Amino acid sequence: MDVGELPVRRRIRDRFRQEGIETLYPPQRAAVEAGICDGNNLVAAIPTASGKTLIAELAMVTADGPSLYMCPLRALAREKHETFDALPGVDAGLATGEYDSPAEELATYDIVVATSEKVDSAIRNGASWVDDLACVVVDEVHLLGSDRRGPTLEVTVATLRRRAPEAQLVALSATVANPEDVAEWLDADLVESTWRPVELRTGVYADGRVAFDDGAVQPVDAGSETVADAPEERAHEQPTKATSRLIEETVGNGGQALSFVRSRREAETLAERFARSGIAERHTTGGNDSAVADEIRAIDGTATGERLADCVRSGVAFHHAGLGSEHRAAVETAFRNREIACLCATPTLAAGVNLPARRVVVRDLKRYTGSAMEWLPVLEVHQMCGRAGRPHLDPYGEAVLVGDCDSPEELTRRYVEGDPEAVASNLADRSSLRTHTLSLVATGFADTPREILDRFDGTFYASRTPSPDLSGDVATVIEDLAEMELVRASGTSADARLSATELGTQVSRQYVRPETGTRIVRGVETIGRMQTDGGSVTQLTALEVVCDTTDMQDTYLGNRERADMYRFARRRSEELTTGMNDADDFERWLESVKTARILAEWIDGASVETLVESYRIGPGDLESRVSRAEWLLGAGDAIAGVVGVDTPIFESTRQELVERQE
Ligand code: ADP
């Protein structure tokens, strides 16, 4: 099907052509045939790079009213916003400040791009624009199965369907085992395909050769690193050496490569090793000039930045969530511009921005999960592999699994021949159910247990469970919420009247979890007593409260730091709301004190470099904690207002954080 045949305005067709889209890819054609331009619901489960964006665009530009595009990550949302806003005659708005209050002006856009958390938060705060939506696109719908995001996504979609029952629903998914279940949930047609614009070969490396899924067995060039000659030694050759050879081969042929490893440290170590051995030098379009390296060095003075710049000078880079966002963006741009030939990354990159390469090498297929080394999910590995092959640039893409010391047969069986996991709901998880039950009551969408169950009826959970009975769980959760003084119940029957307390309403509006709300209440009450007793309420006090909640990320506390952190907590105990002997879980509390201390020093002017150095966190970790702290301090201030404790400490600390940021 030619772009000229699409039922969209000419300017939009021209724009598609400008992007190099002349003929629709087969899955896109299938989507048009399934009525994507006529308002029909559709689930498209197709591989990475097979053109999901165009499917979404066609639905949104032909919709008879405003559209919402929901995606899981802020970086992705920014990327999509830019794409949609560039469509002629389309005004696209972006709502990514995940935790800030919703802007009613979102109602003025043709397309709103937002994370599902942002949409959930907007709904809780009374956004009425969702009632007028004519089209809702849910990107990465396979994330329904993820811990916290999943339940938010399904409840938000269920709510949107009630609020805008006429809206067209389009869900975009990676290839999963049960896309038909998602389609059934959404009353949608299914377009399922494994078609890719660039052929993908997946292989498993063993003993100097890669066995591909098409039956080909390909020897790998020896590479410049020393490799043992004796066959028995070669058999035990380290996976890193194999990875190095696989990368060098691709880069030497003028291609770009991605290498996935299990941890941030591994990503950095591998990139530095490649830089030292010079495998990517001379192969980048920048001719190894140092412009990108200088740019990276200029971003901040951290040791990480230095190391990254040194790597970039040799044509390689590392990429993980611990990097500051500017460093990450610089690396992504440089890779796209082919100024970097090889990127060593953690698996998060595969789920994020679109950075294809000719060859993907997955070195680590197991990850430490806190108790044991576990196999990565098949879906995750497929997403990494799916990054191989750049349309218009590579004749084909290649993904090679190396693995630690696992037998190649196991890797083949599990990841090459094996199917990805099925998407399953996580809604029955108690903490999620509590959060969403409170939200339904606080927003007035439900005021009896029966109505709550009815609202959950539209979820993926309900559609997948033969006779879904959440009534026992919902009753328990209502009891929890009543005990937390967030909800009032007039009885225990299915028709008992439920209402949110003022505190419950505020907790829901501030978009914090119920557990976080009650922790803040305890903190606020202690602060009230400290103020009356003439105690010393400082920034550290407010920060300790918000850092000791389940909504703040954990900060790893190493053994060597522990004693120092303990002394710090003792020395400053007058300022803390938790006594040294009072924490339920002392270790976790000490981690919270560490986070609070880092943030307090940040406000006092400590540089990123110093904090990164002293506390062994990544610049990206500091950024994410600062933005969470801003949000949670705002919630602290609002909750103090409800509890009736007059304290400026949350707001003033928040202000200091904001100013320090600027
Ligand atoms: P994904 O399915 O991963 O979201 P995208 O929608 O980002 O993939 O598309 C990947 C690339 O393919 C983009 O650069 C896009 O411009 C290009 N593309 C999409 N559809 C076509 C087409 N029909 N013809 C040529 N290029 C296309």
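The model discussed here is predicted. Around the ligand there are 13 residues, and those that come nearest are Thr23, Gln28, Ala49, Lys52 and Thr53. Sorted by class, this shell consists of 5 nonpolar, 7 polar and 1 charged residues. The space that the ligand takes is the second largest pocket.

For Gly51, the distance between a polar backbone atom and an oxygen atom of the ligand is 3.1 Å. At Ser50, a backbone N or O atom lies 3.3 Å from an oxygen atom of the ligand. On its own the ligand has 570 Å² of accessible area, of which the protein covers 79%.

The aromatic residues form a further topic. The structure holds 6 aromatic pairs, and one of them joins Tyr25 and Trp195. Their ring centres are 4.7 Å apart and their planes stand at 45°, so the pair is tilted. For such pairs, planes under 30 degrees apart count as stacked and those over 60 as edge-to-face, the rest being tilted. Tyr25 belongs to the loop between helix H1 (10-18) and helix H2 (26-33). Trp195 belongs to the loop between strand S7 (189-192) and strand S8 (199-206). The two residues are 170 residues apart, and the pair thus links distant parts of the chain.

Note on methods: Residues are numbered from 1 along each chain as its sequence is written. This is a predicted model: local features need pLDDT of at least 70, side-chain atom pairs count only at pLDDT 80 or more; totals for chains, interfaces and linings use all residues. Side-chain values use heavy atoms; hydrogens and water are left out. A residue is near a molecule or strand if one of its heavy atoms lies within 4 Å of it. A polar contact is a pair of N or O atoms within 3.5 Å; within protein, one must be able to donate a hydrogen and the other to accept it, and residues adjacent in sequence count only if both atoms are side-chain atoms. Accessible areas come from the Shrake-Rupley method with a 1.4 Å probe; for residues, only the protein chains shown count as cover. On a 1 Å grid over the protein atoms alone, a cavity is a set of points where a 1.4 Å probe fits but cannot get out, and a pocket is an open set with protein on both sides within 12 Å along at least five of seven lines; lining residues have an atom within 4 Å of a point. A molecule sits in a cavity or pocket if more than half of its atoms lie within 2 Å of its grid points. Ala, Val, Leu, Ile, Met, Phe, Trp, Tyr, Cys and Pro count as nonpolar, Asp, Glu, Lys and Arg as charged, and the others, Gly among them, as polar. Rings of Phe, Tyr and Trp (its six-membered ring) pair if their centres lie within 6.5 Å; planes under 30 degrees apart count as stacked, over 60 as edge-to-face and the rest as tilted. Helices (H or I, at least four residues) and strands (E, at least two) are DSSP runs, numbered from the N terminus.
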